[in-house]
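Here is a short tour of how two chains meet, with a brief stop at one residue away from that topic. Have the sequence and the structure at hand as you read.

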Amino acid sequence: MLEKALVGNKKYWMFVFFLLVIIGLGFLTYLCQLSQGLGITGMSRDVSWGLYIAQFTFLVGVAASAVMVVLPYYLHDYKAFGKLTVLGEFLAIASVIMCMLFIFVDMGQPFRAFNMILHPTPGSVMFWDMVSLGGYLLLNMLIGWTCLEAERKSVPPPKWIKPFIYLSIPWAVSIHTVTAFLYCGIGGRSFWFTAIMAPRFLSSAFSAGPALLIIFALIIRRISHFKPGYEPIQKLAQIVTYAICINVFFVLLEIFTVFYSAIPEHMHHFKYLFVGLHGHTGLVPWMWASTVLCLFAIVLLVNPKTRKKEHLLVIACVAVFIGTWIDKGMGLVVTGFIPNPFDTVTEYMPTYREVLIALGVYGIGALIITVLYKIVLAIRDREIAN
Amino acid sequence: MRGEGRVRTCIGEADDCYVSSSRAQRGDLPDALWKGIAVGLTLLAMTQNALLKAIVEDKKMGVKRRDFFKIAGVTALSALTATKAVSAFAFGPSGHGGETVSKDNAVRWAMVIDTRKCGKGAQCKNCPSLRACHEAHNVPDIPNKKHEVKWIWQDSYDHAFPTQTHALIKDELKTRPVMLLCNHCDNPPCVRVCPTKATFKREQDGLVMMDQHRCIGCRYCMSGCPYGARSFNWVEPKPHIKKINRAYPVRTLGVVEKCTFCAERLAKNQGPICVEACPEKAIVFGNLNDPKSEVRKILSVSDSVRRKPHLGTSPEVYYIM
């Protein structure tokens, strides 16, 4: 089926070329990081994880969100999602690959990456994260490909794939739970040390992921003969609405616990995020932007009149995506290190080279999605033509 | 069992190996010979151990009592010899834990730092302990604070004990320097989180060690450590080392490092170099499991605290206030 990705119009090839340029730039910058070390990034002795690990965390959520189309279709027989499940699964594939690449570019000794397998350490959550992410990638490749192959042949998917599909549902929850455990199992970083971390991760994932799917579905409707219907998109919009509301609710739970108990160790991180700490306010504008975006999205989504208008819905989805991205992709990881164990502040800002490498990884993800969706659309175009 | 109980020799080009050996000692035949014998005996002991286990487990084989004791005796003997050889001949940490080493924890190294004495002497402006440590272990002196590598350093009381300070604390305490280093925790979070066992707790004496050949540079241990005791090599360290000590390895780019309680010196029955270099005798090192040791004596008569004890890491560096 891959050959279908090799046939396309001029716009398709220009987009692929554009992505290749971004990937190339990222790769060249990565070579520079490889030779000079991670010192070319904005990370430091105090803030030892930054943009890369944050993107990894955010994208695990996007990957997990495929379950939001798979579950209603297969467990509740919600037929309208039938055509969207494969889009969700392919989005998951691209996201998991990006996750792995972000871990890889974050390593000081990437050529030793296989030490994770040579010296398996079940006591480390990172080991389980590798297992769950790898398993999820394989599951989605298997399911997505098999179902698409069946679709191409105009036959129902084979029976043996069903158990894998059912398995992929709890597995999706597991990848983001284990990723949350990476953080909330560390007693010394009070910002992360919260039992609600995994639920928070899941709620932000189930808002950002389906929001992205809605955006993709609307783009697909404009550029191909396959027209994702109004109904499934509205259903996805409902999912986004519930998830973003729950996400904001969870954040408020954290804020209540932290500020009512008034334990300084726990308050300092939240203060740094929203008002600044010891005169350092690097993330304050970002976090308020995130808050405003999420609240704005909730207003648009909760009100059925605005949610049902697709041009407003897409604005809400973009707001949800950017809002949750700032929260997880910028706030969550870095703030765990601010203040540091000495109660002093070392701020973090990614360098332009770090951003280029991250963009390169996103470019690879976008290329994978482009190719996979192209195959799906080519198959569906032919179905429609017949 | 993969990787367990292996012995690291670090002879030759092991430039960034954590145990010192041996540029200076290379070609030193008796030493190398003893090391060889020790490796052989260790391997022998391990094989016999495995054999013994197999025999005990496999009841169908019906081993005679006498044979059993024979094997057991030889195993015990060779294990003992190997252990002796290992400790006697400057081996340093025997891989990860090491089945051949006694697990009765007769030794639990710990450090007591008397902050009342610290910084009082004429030489203390440029702390000799700190300098001695960093020179002996090829710790680079990197001007960019963000990329700093530190094994031992001084900070204020407020920063060392951020949860045990208040606004009206006496001035003398506020300005008193506190020596900070790896706490060699009994329950080390860095070891718990490491995905490759590159950092591990030595069974025989509780030291928290680093295998810089195995470290993948994921820096999970730095997130795990609540004491900020770990440094990552953000930049190439070599250009920032004024004078390279050929007897100790230089680390490579992209790995994490920290204080090892001078494992390479302990192996030669010497104490940590910071203890030796301190002109005020403010640092005392010893075996916590020995009731007669100096550390135990001091702890039994002084007011001592540890950093962030509420986290349950059980740090083994004690501070007299």
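Which residue of chain A forms a salt bridge with R219(B)?

## The salt bridge

The partner is D106(A), and the closest N and O atoms of this pair with R219(B) are 2.6 Å apart. Please keep in mind that this is a predicted model. Across the interface of chain B and chain A, the rule finds one salt bridge.

## How the two chains meet

Chain B brings 48 residues to the contact, and chain A brings 46 residues. Together they bury an area of about 3,500 Å², with carbon and sulfur atoms giving 52% of it. On the chain B side, the residues that lose the most area to chain A are I216(B), Y220(B) and W234(B), which together account for 19% of what that side buries.

Four elements of chain B give two or more residues to the side that touches chain A: β2 (152–155), α6 (189–193), α7 (220–224) and β6 (231–232). The largest share, four residues, comes from α7(B). Sorted by type, the residues of this side are 21 nonpolar, 14 polar and 13 charged.

## A look at T146(A)

Now to chain A, where T146(A) sits in helix α6 (residues 125–152). Is T146(A) buried or exposed? T146(A) counts as buried because its relative accessible area is 14%, under the 20% cut-off. Leaving aside neighbours within four places in sequence, T146(A) is in contact with P158(A), W160(A) and I161(A).

How values were computed:
Residues numbered from 1 in each chain as written. Chains lettered and ligands numbered in written order. Predicted model: local features only at pLDDT ≥ 70, side-chain atom pairs only at ≥ 80, totals over all residues. Heavy atoms only, no water. Contact = heavy atoms within 4.5 Å. Buried area = accessible area lost by both parts, 1.4 Å probe. Salt bridge = Lys/Arg side-chain N within 4 Å of Asp/Glu carboxyl O. Nonpolar A, V, L, I, M, F, W, Y, C, P; charged D, E, K, R; others polar. Buried < 20%, exposed > 50% of the residue type's maximum accessible area, 1.4 Å probe, protein only.
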